Amino acid sequence: MSQVLEFERCDLDIKSNKRSHHTEQNGEDRLIVRRGQPFSLVLHLKAGSPEFNPEETSFTLIVETGTVHCVVLHNCGASLNISSSPEAPIGLYSLSLLQQGQSTSLGAFVLLFNAWCPRDAVYMRSETKRQEYVLSQHGLLYRGSATRIHHKPWNFSQFEPGILDICLKILDEGLNVVSDTDQDCSERRSPVYITRVLSAMINSNDNEGVLVGEWAEFEDGVHPSTWIGSGDILRQWADSGPVCYGQCWVFAAVDCTVSRALGIPCRVVTNFSSAHDGNGNLLIEKMYDEDGERLEDPDSVWNFHVWVESWMARPDLEQAGFDGWQVSDATPQETSEGVFCCGPVPVSAIREGELTKKFDAPFVFAEVNADVVEYVKLSTGDFVKFSGSTDSIGQNISTKAVGRDKRRDITHHYKYPEGAVIGVVHKPSVGILEPVAHPLPAS
């Protein structure tokens, strides 16, 4: 029969493990590691305990998160290396030791996505980019107009004390947890799933999410332009619920913070002359009466709009060519599968006009590439097209440059030059004084 070892304590070797897992910025109070990469621990025997003998001693280490239960080691020595799967669900794990039916708790650790692991879906080859998109807490957000771009410094704060716990709390309060806890726990292995959950949870439209959006009245909250970092917003949400107020750049910056904290490479992107296609026809239709007054319609064009891109593989699309940067948007504009969220959708799918790809490709495509068409409503009730533009939407799409406080233009990532043939999409031409066969529906 195997000898039963008696343990005085378990040394999680926090400082050394954090250094090798690029989590030392999180502080030294607990173990935080990245998946797909081994970490070490040392079991110290009590005085009088039988000595460890590989031929006579066996025990099992058990790791659990939520409802996921995994036996990770068997017949182990007292100095151990533990390797997690590069596809393991992220989150808080408990670690226990089992010998002859008796379980002993050894502690807990947090497991994150791993951009340094080639087998992880968020793997990023460039160390310089990993430093920028995972580890950097400093950023620049771009606002203004296509002809007058200015920047706002932002502190993402992903390594400040308590922020990681708040990020895990955001996942725990998602709608999917309520509907199917077991499935939610299992799905946390996928950055696609996590990104979509964050898109829904950073706004408060469908749940007790982080930020309340407001574009007019701010007297009973903080004006969105006042915020300079994500830390205060996230702490306020954890203490008292949805925070007033946010607009697109605030939603995106907080989304970027949570993504980086969980290990997903992420950056904030600004689209100037950004279209909101309310009826899904890939056109921005501006309608006027005969006196030139604008009529109500579902479409609009904003001076700028801000979202995030997250870096990951897309095995769920079952077609090559769509790995890499993925757009998601936490600003509540339209519902997706019944919830106010958007993405993730591959940037490459937007560029190629592959509008059947998940998630919300037509909406994002229109934001950067819709045609603008202007109509006048005649006294007869008919609409006549009198003007338009094929190149005014989606200008100077911008993000912070890697390792520098400079703006980088990434418009070419989203679309080809005007007139190029793109995938299956054929953008309608805009004529002058072209009668419409039937009146357009009211918004």
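1. Let's start with the open sheet in this predicted model. Its three strands lie in the order β1-β3-β6, and their pairing is antiparallel. At the edges you will find β1 (7–11) and β6 (79–82), each of which pairs on one side only. From one strand to the next, the twist averages 25 degrees.

2. Now look at how β1 meets its partner. Strand β3 covers residues 39–45, and four bridges join β1 to β3, with the two running antiparallel.

3. Next comes a parallel case. Strand β2 (residues 31–34) is joined by four bridges to strand β8 (residues 102–112), and these two run parallel. Here, Arg 34 has Leu 112 in β8 as its bridge partner.

4. Is β2 covered on one face or on both? Both faces are covered: Leu 31 and Val 33 are buried on one side, while Ile 32 and Arg 34 are buried on the other. A handy rule to remember is that side chains in a regular strand alternate between the two faces of the sheet.

5. Finally, visit Ser 274 in strand β13, which spans residues 266–276. Ser 274 counts as buried because its relative accessible area is 1%, and the cut-off for buried is under 20%. Its side chain makes a polar contact of 3.0 Å with the side chain of Asn 271. Beyond its neighbours within four places in sequence, Ser 274 is in contact with several residues, including Trp 302, His 305, Trp 307 and Glu 367.

How values were computed. Residues are numbered from 1 along each chain as its sequence is written. This is a predicted model: local features need pLDDT of at least 70, side-chain atom pairs count only at pLDDT 80 or more; totals for chains, interfaces and linings use all residues. Side-chain values use heavy atoms; hydrogens and water are left out. Two strands pair if DSSP finds at least two bridges between them. Axes are lines fitted to C-alpha atoms, for helices over the stretch in contact, and angles run from 0 to 180 degrees between N-to-C directions. Buried means under 20% relative accessible area, exposed over 50%, partly exposed in between (1.4 Å probe, protein chains only). A polar contact is a pair of N or O atoms within 3.5 Å; within protein, one must be able to donate a hydrogen and the other to accept it, and residues adjacent in sequence count only if both atoms are side-chain atoms. Contact means heavy atoms within 4.5 Å.
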